[in-house]
Amino acid sequence: MATEALFGWDLTFKTVEKDIKQKSDVIIAFIHWNLTKRGFRSIGIGDERTLSGDEEKSELLPTGWNDKENYTLRYVYEDKLYILHGLNSDGNLIVNLMRSEDLAVSNIALKVEESVKDMSGPIDKVLPGYKDLMFNVKRDLIDTITTRSTSSAQTQTVGNNTNNPRPPIEDPLRIPPRPAPGVVPENPNLWDLPPANLRNVGRSDLDPFAPMGGGMLFNPFSPGRDIENPGLGIPGGLPRGSVPPGARFDPFGPPGVGPLPGRRPPPPDADHLPPPGFNDNMFM
């Protein structure tokens, strides 16, 4: 299994071993080998972000790939241009892989002295931790950026397929349209108005098309209230629960007499505002 995973490394390293100048070169060569295994092809050095179409693709590192302290290599994968940047900084090698099309970037950082123990010999001697390094390069540097591209392509393919249309995405900030007068919304939504047959308090204040009455003031004697004998046992014809048990209550009408069905109840006996000149000798 280990031999299959390392297939091609010996050949790649033999082609650049004579060009190795510093330990970070070994890491770049190892990353290059991982890229070619995944289908990347080298097209030279530099940071030019356009393709002319006549680039020569190769599995080998280009001439002059490590002539400078830092690295800039160009690759092609699935007809898209990728640029590999390697920056040496305080004993660390920071590697970025950028897709030129949308500037998507993946990166890893390695400690050179801890990663590379020798600059020649078998991989166990040169890169003792090559298994972890191979895993990190695949997960953090390659898969991160190539999977993102694949997911985007799949989304566009599904979105353009008219045979399997995707449902529209609901916007949580969108205010739903106002229901037409008399239409009862099927979906109970907090933003929608209550059904018209619900005798709720304050409906006419929310719906200008609602019939008159039923505003913010609650009318216990409104026509059609579904209560059983609202005046039973309660003076003044008040609904059940209007007077707490044991509370003092001064009736404003004959006890046990409630409003007649279909008729507006009479107003209370407002003796506190008698007409001018009126005297019923009430306080004699």
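Entry 1: A helix here is a DSSP run of at least four residues marked H or I, and helices are numbered from the N terminus. I also noted that I am working with a predicted model. With that settled, I looked up Asn34 and found its place in helix H3.

**Entry 2: the length of H3.** I wanted to know how the span of H3 compares with what 1.5 Å a residue should give. Helix H3 covers residues 23–37, which makes 15 residues, and these should span 21 Å. The end C-alpha atoms are 22 Å apart, which agrees.

**Entry 3: is H3 enclosed or open?** I checked how many residues of H3 are buried. The count is 13 of the 15, so H3 is largely enclosed by the rest of the structure. I then listed what Asn34 touches, leaving out residues up to four places away in sequence, and found Met134, Val137 and Ile142.

**Entry 4: the core.** The largest nonpolar core has 40 residues, and Phe30, Ile31, Leu84, Leu127 and Leu141 touch the most other members. Which elements supply at least two residues each? My list reads helix H2 (9–16), H3, S2, strand S3 (80–89), strand S4 (92–99), S5, helix H5 (123–126) and helix H6 (130–160). H3 gives the most to this core, with eight residues.

I stayed with Phe30 for a moment. Apart from neighbours within four places in sequence, Phe30 is in contact with Trp9, Ile123, Leu127, Tyr130, Leu133 and Met134.

**Entry 5: aromatic rings.** A quick reminder to myself: a pair of aromatic rings is described by the distance of the centres and the angle of the planes. The structure holds nine aromatic pairs. For Trp9 and Phe30, the ring centres are 5.4 Å apart and the planes stand at 70°, so I wrote this pair down as edge-to-face. Trp9 lies in helix H2 and Phe30 in helix H3, so the pair ties together parts that are 21 residues apart in sequence. Both Trp9 and Phe30 are buried.

Phe40 and Tyr82 also form an edge-to-face pair, with 5.2 Å centre to centre and 75° between the planes. Phe40 lies in the loop between H3 and S1, while Tyr82 lies in strand S3, so this pair ties together parts that are 42 residues apart in sequence. Phe40 is buried, at 0% relative accessible area, and Tyr82 counts as buried at 1%.

One more find: Trp9, Phe13, Phe30 and Trp33 form one aromatic cluster.

**Entry 6: past the end of H3.** Just after H3, I came to Gly39, which takes a positive phi of about 105°.

**Entry 7: the sheet.** In what order do the five strands lie? They form an open sheet in the order S1-S2-S3-S4-S5, and the pairing is antiparallel. Strand S1 (41–45) and strand S5 (104–111) are the edge strands, since each pairs on one side only. The twist averages 20° from one strand to the next.

Last, I looked at how S1 meets strand S2 (residues 71–77): four bridges join these antiparallel strands. Gly44 stands opposite Arg74 in S2.

Note on methods. Residues are numbered from 1 along each chain as its sequence is written. This is a predicted model: local features need pLDDT of at least 70, side-chain atom pairs count only at pLDDT 80 or more; totals for chains, interfaces and linings use all residues. Side-chain values use heavy atoms; hydrogens and water are left out. The expected span of a helix is 1.5 Å times one less than its number of residues. Buried means under 20% relative accessible area, exposed over 50%, partly exposed in between (1.4 Å probe, protein chains only). Two strands pair if DSSP finds at least two bridges between them. Axes are lines fitted to C-alpha atoms, for helices over the stretch in contact, and angles run from 0 to 180 degrees between N-to-C directions. Contact means heavy atoms within 4.5 Å. A nonpolar core is a set of buried Ala, Val, Leu, Ile, Met, Phe, Trp, Tyr and Cys residues joined through side-chain atoms within 4.5 Å. Rings of Phe, Tyr and Trp (its six-membered ring) pair if their centres lie within 6.5 Å; planes under 30 degrees apart count as stacked, over 60 as edge-to-face and the rest as tilted.
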